[in-house]
Amino acid sequence: MPLHPQAEAWRARRAAADTPPLYTLTLDRARAADLADLRAAAGAGEPVAAVQEFTIDGPGGPLTLRHYRPQAPATAMETATAAVVATDTATGTAKVDGLGPALLYLYGGGWALGSLETGDPICRALANATRADVLAVGYRHAPEHRFPAAVHDCWAALDWIARNAPRLGLDPARIAVGGDSAGGNLAAALTLLARERGGPGIVHQLLVYPNTDYRVSPAVDSSMLVDGGADGREDPALFNRHSVAWYWSHYLADPADAAHPLASPLRATDHRGLPPATVITAEYDPLREEGEQYAAALRAAGVPVTLRRYPGMPHGFFAMPGVLDDGREAQLFAAEQLRAAYEAPTPAPGNPAAAADRAAPGNPAAAVHRAAPGNAAAAVRRAAPVDRAVADR
């Protein structure tokens, strides 16, 4: 379908204002413009019960963590239900009474832009909609700190949250990771590291139009081109292939780093044993193909995956509920998926699922060039089924 009417109106406003593409600006100006754009498109941030900031030790110095506590459940029945200790008879594990679930959410921005402020509205919305605590980390940015600095910072945050969960009022057995765009890339990288290192356990991964492979040709449709593509020029009012190349150029110190699975998770030699995933993509997004190929690779490896593509939507729509109704719908859908993950039985330490994680061949942190015949990487050309409830609207 063509750009959604709301998306087209937003694009037209940007074109009429002669808004320069971020990739034409200096980094300082691009960072300021990115924040201003997202604040304008996000709408008013939702009130939450509490927001706290504190610092933890990171591999490159102190890291800021922001902790969002959701508003109280709407009814006494929900409150009573939330306090029940739910023991799964198959695994013998329990959701600890009084300890709630958590989401580590990693903001987008192409590893070079973005901040705790740009991710703030999403974190507030997901905290309330999931009834889970959301934590965000101010990871280091490129090009001042190139790959893998951001991965290391996000890992430090995940590890710290898992180790300190009980004193934060959180259940260490119900931690999910998520992010949009570059944040989705970082979330996927964390699942690879957690599998390789035997924990922390991650119950779900929420990947919103993630970067997953430097080598995948960006998706281009006629609505992403000037005048419908008559001369092949891409519309500068939309996130496009120039945007993608600009961000990668800042992130990678060496082009060879693009082959590393922590930079390009689709290149991991094996995707077995990774957490169940929700993958959200947008029709008019150059990252659409690699997001959907990653969903296909996970599914081929036996990982439960829900893939939902939003027709007529551009890259960034998830952060734009103030101007795009599908942005809010996608946030609510993501929250629904996370709530289901938090309510599912928690695998007991040492069970077969956990053992399969550790037994997966290939170190994702080191296997940067190998592609074993028949593995999930070879299956990426098969398109993952798309959630037709939305794709056919």
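This report describes aromatic ring pairs and charges over rings in a predicted model.

## Basis

Local features need pLDDT of at least 70 and side-chain atom pairs pLDDT 80 or more, while totals for chains, interfaces and linings use all residues. Residues are numbered from 1 along each chain as its sequence is written, and side-chain values use heavy atoms, without hydrogens and water.

## Aromatic pairs

Rings of Phe, Tyr and Trp (its six-membered ring) pair if their centres lie within 6.5 Å; planes under 30 degrees apart are stacked, over 60 edge-to-face, and the rest tilted. The count by this rule is eleven aromatic pairs.

One of them, Tyr-107 with Tyr-139, is stacked, at 4.5 Å centre to centre and 15° between the planes. Tyr-107 is in the loop between strand S3 (100-106) and helix H4 (116-130), and Tyr-139 in the loop between strand S4 (133-137) and helix H5 (149-164), so the pair ties together parts 32 residues apart in sequence. Helices (H or I, at least four residues) and strands (E, at least two) are DSSP runs, numbered from the N terminus. Tyr-107 is buried, with a relative accessible area of 3%; Tyr-139 is buried, also with 3%. Buried means under 20%, exposed over 50%, and partly exposed in between (1.4 Å probe, protein chains only).

Tyr-214 lies in the loop between strand S6 (205-208) and helix H7 (241-251), and Trp-248 in helix H7, 34 residues apart. Tyr-214 is partly exposed at 40% relative accessible area, whereas Trp-248 is buried at 3%.

## Charges over rings

A charge sits over a ring if NZ of Lys or CZ of Arg is within 6 Å of the ring centre and within 35 degrees of the ring normal. Arg-197 lies over the face of Trp-155, 4.8 Å from the ring centre. Arg-308 lies over the face of Phe-333, 3.8 Å from the ring centre.
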